[in-house]
Amino acid sequence: TFALKNPDVSTAMGTDKIHHAQSTGADILCAADNSCLMHLSGLLTRQGSPQRPVHLAEILAATEQEPWT
C-alpha cells in the first residue's frame, strides 16, 4: 500500500534502487518483498530495461547444492 499512498516517494525510491542496481551491470535485481518486486518490475518495464527482478527465495531454490553442505 506504500506505493499507492505515497506514489511520488515510492517512484523516487524505486528509481534510485534501479539506478544503483543497473550501475553494477547485474542482469538480476534481487529483493525479498513481493510488493517491492512488483513495483520494481513495473518501473523496469517502463524503462525498457532488460534487468529482471527476482525474489531471494527463487535464487536460493535455484542453487545446485544445498547451502548448508
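Tutor: Let us take the terms in turn and set each value against its cut-off. Please keep in mind that this is a predicted model.

Student: What makes up the protein chain, in terms of helices and strands?

Tutor: There are four helices and two strands. Starting from the N terminus, they follow the order α-α-β-α-β-α. The C-alpha trace spans about 45 × 25 × 15 Å along its principal axes.

Student: Why is S10 called buried?

Tutor: Buried means a relative accessible area under 20%. S10 has 5% relative accessibility, so it counts as buried. You will find S10 in helix α2. Setting aside residues up to four places away in sequence, S10 touches F2, A3 and H39.

Student: And H55, buried or exposed?

Tutor: The value for H55 is 19%, and the cut-off for buried is under 20%, so H55 counts as buried. H55 belongs to strand β2, residues 52–55.

Student: How do you know that H55 comes together with residues from elsewhere in the sequence?

Tutor: Contact means heavy atoms within 4.5 Å. By that test, and leaving aside neighbours within four places in sequence, H55 is in contact with A31, A32, D33, N34 and L37. Take D33 from that list: H55 and D33 are 22 residues apart in sequence, and their C-alpha atoms are 7.3 Å apart in space.

Student: Why is A57 called partly exposed?

Tutor: Partly exposed is what lies between buried, under 20%, and exposed, over 50%. A57 has a relative accessible area of 44%, so it is partly exposed. A57 sits in helix α4.

Student: Which residues does L29 touch?

Tutor: Neighbours within four places aside, L29 is in contact with K17, I18, A21, L37, L40, Q51, R52, P53 and V54.

Student: What makes up the nonpolar surface patch?

Tutor: I28, L56, I59 and L60 form a nonpolar patch of about 310 Å². Helix α4, residues 56–61, gives the most to the patch, with three residues. I28 lies in strand β1, residues 28–31. Patch members need over 30% relative accessible area. I28 has 38%, so it passes that cut-off, and it counts as partly exposed.

Student: How much of the whole chain counts as buried?

Tutor: Of the 69 residues, 25% count as buried. The chain exposes about 5,200 Å², with carbon and sulfur atoms supplying 58% of that area.

Student: Where does UniProt place the feature "domain: Cysteine-rich"?

Tutor: An unreviewed UniProt entry places it at residues 3–40. In this model, the span is 71% helix and 11% strand, and its end C-alpha atoms lie 11 Å apart.

Note on methods
Residues numbered from 1 in each chain as written. Predicted model: local features only at pLDDT ≥ 70, side-chain atom pairs only at ≥ 80, totals over all residues. Heavy atoms only, no water. Patch = residues over 30% accessible without salt bridge, like charges linked within 9 Å, V, L, I, M, F, W, Y side chains within 5 Å. Areas by Shrake-Rupley, 256 points an atom, 1.4 Å probe, with all protein chains shown as cover. Salt bridge = Lys/Arg side-chain N within 4 Å of Asp/Glu carboxyl O. Buried < 20%, exposed > 50% of the residue type's maximum accessible area, 1.4 Å probe, protein only. UniProt positions renumbered as here; feature names shortened; annotations may be inferred.
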